[in-house]
Amino acid sequence: MKITAIRAHVLEAPIDQPFAFSQAWVDKRVGLVVEVETDAGVTGWGDGYGPPWALAAVIERSYAPRLIGRSPLAGDALWEELYNALRDHGQRGIAIQALSALDIALWDLRGKHFGAPVHALMGGPIRSEVRAYATGLYRRSDDRTKNHKLLTAEAEGYLAAGFTAMKTKVGFGYDDDIALVTMLRETIGPDVALFVDANHGCDRVQAHRLARAMEPLDIGWFEEPVAPEDIVGYAELRAATTIPIAGGECSFTRHDFHRILEAGAMDILQPDTASCGGLTEAKRIADLAWTHGVRYQPHVWGTGIGLAAAMQLLAVLPTTTPAFGAHQPLLEYDSTPHPFRQDLLVEPIVVADGVATVPQGPGLGIEVRRDVLERWRVN
Ligand code: CA
């Protein structure tokens, strides 16, 4: 089997109801889907988390010429070759995100070639069902009363759908953040897990003040409190608060996560499979986290293809410490508006009663709807 063609599809779709996190309002959803064709009539699909036009350029100009004519089966060898090709200029960021998309597509191809799901080729499954948490509860109005009303209804919707955990956004200023998180805790009651995410919207002083004030609200984790470069800031906050500290969606490869772990900076690592270096690198980071006794909670924010990749990884993430009451990783289930996230899949990955099932078909275990791909493709 040889690779014959690689296409990077840039997707864009407007949304009716914009929402905000600490950095920006979101009024359209974008995606980068990579398609790897072979002479065996088998196609592999991948998802890249990052600026799609930039990822497409790196994939098509820098990586694709190295892969055409090669066998997709030599996973680690191809990963090292692509990483080394841009090593001098791209040890993190866009170069690694583009590599991630291709790595996921190559895993999909290998699974289809061997007739096995990716998680079986990666040594699993350790688990075939994963409890999901709803990612949502973004700011939807600058009017606090209106925003709280909308988010109360949204949180109640997640409860009604069977979710037992959910995540909201902070980083809008101390008063706003405390009012929102207090309101949400009252809405969902004491038995549902609540996580908060600042998207690195706090400096150290703000993060410490917010963490101290949130401690009585039983917060499951405080995600991206400070800038991703500020590893010392992470470590200091972790030492100062009882709330577990999470982060990692803006970090890349074993090298970044090695530094984070050596610094004791996080309780929970959150690499994005479609950004940190693909499934190959995500598994290596997971093993590194395990050796440090640190939890791994994959960040998920992409198309259904990225969601499928995350499910394959979740099936093989090592249990931090096996026991009757062992902690199990959760699926981040993006519940914000997205016109093509699940529409891209012939069979969407659904959460029922708060639980998602790992796809069992060959490769990523999904089929892509080409009509939906074409509808939103802009390149
Ligand atoms: Ca996040």
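Reply: Helices (H or I, at least four residues) and strands (E, at least two) are DSSP runs, numbered from the N terminus. Leu73 sits in the loop between α1 (52-67) and α2 (75-85). This is a predicted model: local features need pLDDT of at least 70, side-chain atom pairs count only at pLDDT 80 or more, and totals for chains, interfaces and linings use all residues. Residues are numbered from 1 along each chain as its sequence is written, and side-chain values use heavy atoms, with hydrogens and water left out.

Me: Is Leu73 buried, exposed or partly exposed, and what are the cut-offs?

Reply: Buried means under 20% relative accessible area, exposed over 50%, partly exposed in between (1.4 Å probe, protein chains only). Leu73 has 31% relative accessibility, so it counts as partly exposed.

Me: How many disulfides are there?

Reply: A disulfide is a covalent bond between the sulfur atoms of two cysteines. The rule here is a pair of cysteine sulfur atoms within 2.5 Å. The count is zero. For Cys202, the closest cysteine sulfur is in Cys250, 14 Å away, too far for a bond. Cys250 is in no disulfide either; its nearest cysteine sulfur, that of Cys276, is 12 Å away. Cys202 is buried at 9% relative accessible area. Cys250, at 30% relative accessibility, is partly exposed.

Me: Which helix gives the most to the lining of the largest cavity?

Reply: α10 (278-291) gives the most to the lining of the largest cavity, with three residues.
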